[in-house]
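Please brief me on this structure. Cover its pocket, its aromatic pairs, its helix faces and a few backbone details.

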Amino acid sequence: MTTLSIFDQSQPETARTVTENPSEIRELLAGKGIRFEQWSTRDLPADASQDQILEAYSNEVAELKAECGFQTADVISLNPDNPQKEALRKKFLDEHTHSEDEVRFFVRGQGLFYLHFGNEVFAVLCQKNDLISVPDGTRHWFDMGPEPEFTCIRLFSNPEGWVAEFTGEDIATRLPRYEALAGASG
C-alpha cells in the first residue's frame with residue numbers, strides 16, 4: 001500500500017507521522033510542492049515492451065507533456081534477477097537534485113522516494129498506479145530495495161534524460177532504508 005512516512009532530520013530513526021490515506025498523502029505532498037496522483041492501471045503482459053507500455057498510457061503521457069512541457073518519455077523496468085541491481089540501487093541512494101522535474105508513474109511494483117525539506121524528510125513508498133512529480137531543485141533520493149521489482153514511465157524535459165547533481169550530504173545514510181520501510185509491503 002502507498003505509504004508516506006515523515007521524519008525529523010534530528011530523529012531519523014522513527015517516523016513522527018505515517019499515513020496510508022491517499023487523500024492525506026496527496027495533501028501533505030502538495031503542501032511541499034510535490035504532485036501525487038493515482039492513475040488507473042492497464043492490464044499488460046508481464047513482459048510488455050516499452051512501446052506497449054507507452055501506448056497503453058499514451059493519453060496520460062500526452063496530457064502531462066502538454067501541461068508540463070516534457071519532451072520525452074521512456075520506461076525503466078527492473079527485476080530481482082538483474083545482474084546490475086546492486087550498482088543501480090547505489091546510483092540513486094545518495095541525496096541529489098535535478099535541473100528539471102523528476103516524474104515517475106509506477107506501472108507495476110514499488111519504490112521509495114525520499115524528499116528532503118529543511119529539517120524534514122518525507123519517505124513516499126510509491127506503488128502500482130502512483131504518479132509522483134518531484135520539482136526541479138528538490139533534494140531527494142530513491143531506494144528500489146535489494147530485490148527491485150518495478151516498471152515506471154519516466155518523463156523528461158531534457159531529451160538526454162536523468163542528470164543528477166549530488167549534494168554531498170549524508171542524510172540518506174541516516175534514515176531507514178527500503179528494507180525497514182517497505183519490507184513488509186514488498
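The largest pocket has a volume of about 210 Å³. This is a predicted model: local features need pLDDT of at least 70, side-chain atom pairs count only at pLDDT 80 or more, and totals for chains, interfaces and linings use all residues. Residues are numbered from 1 along each chain as its sequence is written, and side-chain values use heavy atoms, with hydrogens and water left out.

**Pocket**

- A pocket is an open set of points on a 1 Å grid over the protein atoms alone, where a 1.4 Å probe fits, with protein on both sides within 12 Å along at least five of seven lines; lining residues have an atom within 4 Å of a point.
- The volume is the space filled by probe spheres set on the points, which are joined across faces, edges and corners.
- The largest pocket is lined by 15 residues. Pro45, Ala46, Val107, Arg108 and Thr151 lie nearest its centre.
- Two or more lining residues come from each of α2 (50–56), β4 (72–78) and β6. Helices (H or I, at least four residues) and strands (E, at least two) are DSSP runs, numbered from the N terminus.
- By class, the lining holds 7 nonpolar, 4 polar and 4 charged residues. Ala, Val, Leu, Ile, Met, Phe, Trp, Tyr, Cys and Pro count as nonpolar, Asp, Glu, Lys and Arg as charged, and the others, Gly among them, as polar.

**Aromatic pairs**

- The whole structure holds 8 aromatic pairs. Rings of Phe, Tyr and Trp (its six-membered ring) pair if their centres lie within 6.5 Å; planes under 30 degrees apart count as stacked, over 60 as edge-to-face and the rest as tilted.
- Phe106 and Phe150 have ring centres 6.3 Å apart and planes at 55°, so this pair is tilted.
- Phe106 lies in strand β6 (residues 102–117) and Phe150 in strand β10 (residues 150–156), so the pair ties together parts 44 residues apart in sequence.
- Phe106 is buried at a relative accessible area of 0%, and Phe150 is buried at 2%. Buried means under 20% relative accessible area, exposed over 50%, partly exposed in between (1.4 Å probe, protein chains only).
- Tyr114 and Trp141 have ring centres 4.9 Å apart and planes at 10°, so this pair is stacked.
- Tyr114 lies in β6 and Trp141 in β9 (residues 139–143), so the pair ties together parts 27 residues apart in sequence. Both residues are buried.
- One aromatic cluster is formed by Phe92, Phe106, Phe113, Phe142 and Phe150.

**Helix faces**

- In α3 (residues 58–68), the residues Glu60, Val61 and Leu64 are buried. They cover an arc of only 100° around the axis, which puts them on the same side of α3. The arc is that of the directions from the helix axis to the C-beta atoms.
- Asn59, Glu63 and Ala66 are exposed on the face of α3 turned away from its buried side.
- The buried residues of α3 pack against elements including β3 (35–38), α2 and β4 (contact means heavy atoms within 4.5 Å).
- In α4 (residues 85–92), the buried residues are Lys85, Arg89 and Phe92. They cover an arc of only 70°, which puts them on the same side of α4.
- The buried residues of α4 pack against β5 (96–97), β9 and α6 (178–181).

**Backbone details**

- Asn129 has phi near 90°, a positive value in a residue other than glycine.
- Asn129 sits in the loop between β7 (120–127) and β8 (130–134).
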